[in-house]
Structure formats: structure tokens, C-alpha cells
Amino acid sequence: MRALVLALVLVLIPAAARCGEFEDELLTRINAWRQEHGLDALRRDARLDALALEQARAMRAAKRLSHDGFDERFDRAGSNHCVENAGLLWPEPAAKRQFEGWRDSPGHNENLLDPEIRRAGLAMDGGYTAFFSCR
């Protein structure tokens, strides 16, 4: 019976939504884009992941995209330079679609290609995505 329940869960939950695969794939795509432009790859940072998750959850609760609380996240990041992208993927999250949306938006793309950032936090909650990256 347990095996059947696990099999149903794995079928019903999109693969990208399990085990941080969405965030890992999104960072891989961002880093490939940065490297195409001669920039260093970003490394995951647990503190920034937590700040990104906090924002993704807040957007989901508010049912809207926002950068509300950015100044507070910036202060808590322990950096003097941070950028943030927010996104909403519905009905099914796909890292490729989120990356392409940010890449094709001038302001979001500028954040992805900021030469000063070195660390990144990424999170997705209920289709709301946050990228929070700092020096």
C-alpha cells in the first residue's frame, strides 16, 4: 500500500517541484547564461535561499508578485549589494520558462547579468518564484 501511495505522489507532483530540482535547474540555466556573457557562476547560499523562500511564500500568501520587504531582506543578507527577481509560473512550474521570462525582460535580465553578484538564493512556493542574489 505504501508503495502505491508513493507512486501516486511521484506521478501527481511535477518532477521539477520535488527536492529542489526546480531551483537547481534554474540556477544551472542562470549560470550558463552568465558564463555566455563572461561572468562568474553564482553559488547557492543557504541564507539567501531562506530569504528567497520567505519572499516566495509571502507572494503566495498575498496572491501577487511583489518586492515588498526587499529592504529588510537586503539588510538581513549581510551584503552591500543585492538584486531580486520575482516570478509566477502557473499552472505548472518549469525552470526553463521562468529563466526565459527573466532573460527576455530587460530589468530582470540586468539582475541575472549583474557582474557584482556572487551568491544566489532561489525558491519556489505554489508557482511563485524568487531569485535573491548578492555580492
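Me: Is Asp68 buried, exposed or partly exposed, and what is its relative accessibility?

Reply: Keep in mind that this is a predicted model. Buried means under 20% relative accessible area, exposed means over 50%, and partly exposed lies in between. Asp68 comes out at 46%, so Asp68 counts as partly exposed.

Me: Which side chain meets that of Asp68 in a salt bridge?

Reply: Start with the general idea. Side chains of opposite charge can pair when their charged atoms come close. Here the side chain of Asp68 meets that of Arg64, at 2.5 Å from N to O. Arg64 is partly exposed, with a relative accessible area of 41%.

Me: How many salt bridges does the structure hold?

Reply: The structure holds 12 salt bridges. One of them joins the side chains of Asp24 and Arg44, at 2.9 Å from N to O. Asp24 lies in helix 2 and Arg44 in strand 1, so this pair ties together parts that are 20 residues apart in sequence. Asp24 is partly exposed at 42% relative accessible area. Arg44 is partly exposed at 32%.

Me: What about helix 5? Which residue forms a salt bridge with Glu100?

Reply: First, the helix itself. An α-helix has 3.6 residues a turn, so residues three or four places apart point the same way. Now the case. Glu100 forms a salt bridge with Lys96, and their closest N and O atoms are 3.0 Å apart. The two are 4 residues apart in helix 5, so about one helical turn separates them. Glu100 is partly exposed, with a relative accessible area of 25%. Lys96 is partly exposed too, at 42% relative accessibility.

Me: Which residues do salt bridges with shared partners join into one network?

Reply: They join Asp24, Arg44 and Asp49.

Me: Back to helix 5. Which of its residues are buried?

Reply: Check each residue against the cut-off: buried means under 20% relative accessible area. In helix 5, residues 95–103, the buried ones are Ala95, Gln98, Phe99 and Trp102. They cover an arc of only 95 degrees around the axis, so they lie on the same side of helix 5.

Me: What covers those buried residues?

Reply: The cover includes helix 2 (21–36), strand 2 (82–88), helix 6 (106–112) and strand 4 (128–134).

Me: Take Gln98. Is Gln98 buried or exposed, and what does Gln98 touch?

Reply: Gln98 is found in helix 5. Gln98 is buried, because its relative accessible area is 4%. Leave out residues up to four places away in sequence. Gln98 then touches Phe22, Leu26, Gly87, Leu88, Leu89 and Thr129.

Me: How many bridges join strand 2 to strand 4?

Reply: The number is 7, and the two strands run antiparallel. Look along the pair for residues that face each other. Gly87 stands opposite Thr129 in strand 4.

Notes:
Residues numbered from 1 in each chain as written. Predicted model: local features only at pLDDT ≥ 70, side-chain atom pairs only at ≥ 80, totals over all residues. Heavy atoms only, no water. Buried < 20%, exposed > 50% of the residue type's maximum accessible area, 1.4 Å probe, protein only. Arc of directions from axis to C-beta. Contact = heavy atoms within 4.5 Å. Pairing = 2+ DSSP bridges. Salt bridge = Lys/Arg side-chain N within 4 Å of Asp/Glu carboxyl O.
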